[in-house]
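Me: Here is the entry I would like to go through. Could you take me through some of its local features?

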Amino acid sequence: MAKKVSDPKAGLAGTTAKPLPKVSADGKTIRAPLTQNPHAIRDTREKVLEVAIGREVRAFRKKLGITVADLAVATDISLGMLSKIENGITSPSLTTLQALSRALGVPVTAFFRRFEEERSAVFVKAGQGLDVERRGTRAGHQYNLLGHIGSNTSGVVVEPYLITLTEDSDVFPTFQHEGMEFLYMLEGEVVYRHGSNLYPMKPGDSLFFDADAPHGPEQLTKLPMRYLSIICYPQSAG
């Protein structure tokens with residue numbers, strides 16, 4: 001039996017949906033290139049300590065809004081050496097790391113953070129998700145959280161839910177919350193509202209939208225109904 005927890009976010013569904021940008025004549029192919037390659041493989045150099053240190057040095061420098069030249073003056077390290085450090089070409093000595101930590105205002109250990117950081121994964125067996133209580137739950141809407149990773153390297157929080165509606169479920173005022181949301185229908189049928197638009201959804205249909213607009217199930221056309229709801233928002237917003 002899944003445990004239940006209270007969720008401070010009241011309501012989690014929908015907003016105004018927009019068509020995919022620059023769609024070709026066949027109605028499916030996106031002409032505008034997307035920046036993320038789902039099949040990409042990280043350069044093995046990223047596993048090298050020098051590269052990890054270099055990325056941290058550059059990140060801290062940019063956070064302070066200073067140039068490489070400014071950092072060179074503050075640390076008495078040559079521009080050429082700093083360039084090699086930031087690009088992971090050379091291994092800085094402990095003395096150099098200490099000078100950088102003082103100039104950037106961070107501990108020496110901060111330069112090793114990403115190299116030592118473990119990447120998290122959450123595996124949930126069928127039927128073992130976490131039941132989450134929220135406004136929709138009291139209306140007969142079951143929210144089953146399928147996994148959660150808090151602080152992470154992406155800077156984005158993702159909440160995947162399996163939402164179930166039955167004959168006992170009510171239609172209620174629309175939701176509004178931060179972030180983006182993606183819905184994917186698995187079973188049943190619903191007319192889903194996003195802003196002033198209504199979307200009849202059947203199994204296999206999906207809806208992706210800005211969740212800051214009012215959204216939610218408008219008509220429960222065919223029950224029982226199940227759909228995936230994946231919500232993403234910046235960590236700072238959580």
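**Working chat on local features**

Me: Start with His215. Where is the place of His215?
Reply: His215 lies in strand β8, residues 215-234; strands (E, at least two residues) and helices (H or I, at least four) are DSSP runs numbered from the N terminus. This is a predicted model, in which local features need pLDDT of at least 70, side-chain atom pairs count only at pLDDT 80 or more, and totals for chains, interfaces and linings use all residues. Residues are numbered from 1 along each chain as its sequence is written, and side-chain values use heavy atoms, with hydrogens and water left out.

Me: Is His215 buried or exposed?
Reply: His215 is buried, at 0% relative accessible area; buried means under 20%, exposed over 50% and partly exposed in between (1.4 Å probe, protein chains only).

Me: Now the helices. Which residues of α2 and α4 meet?
Reply: From α2, Leu71, Ala74 and Thr75 meet Ala99, Leu100, Ala103 and Leu104 of α4, where contact means heavy atoms within 4.5 Å. Six of these residues are nonpolar, one is polar and none is charged; Ala, Val, Leu, Ile, Met, Phe, Trp, Tyr, Cys and Pro count as nonpolar, Asp, Glu, Lys and Arg as charged, and the others, Gly among them, as polar.

Me: And Asp76, where is that found?
Reply: Asp76 is in the loop between α2 and α3 (79-86). The phi of Asp76 is near 60°, a positive value in a residue other than glycine, and Asp76 counts as exposed at 73% relative accessibility.
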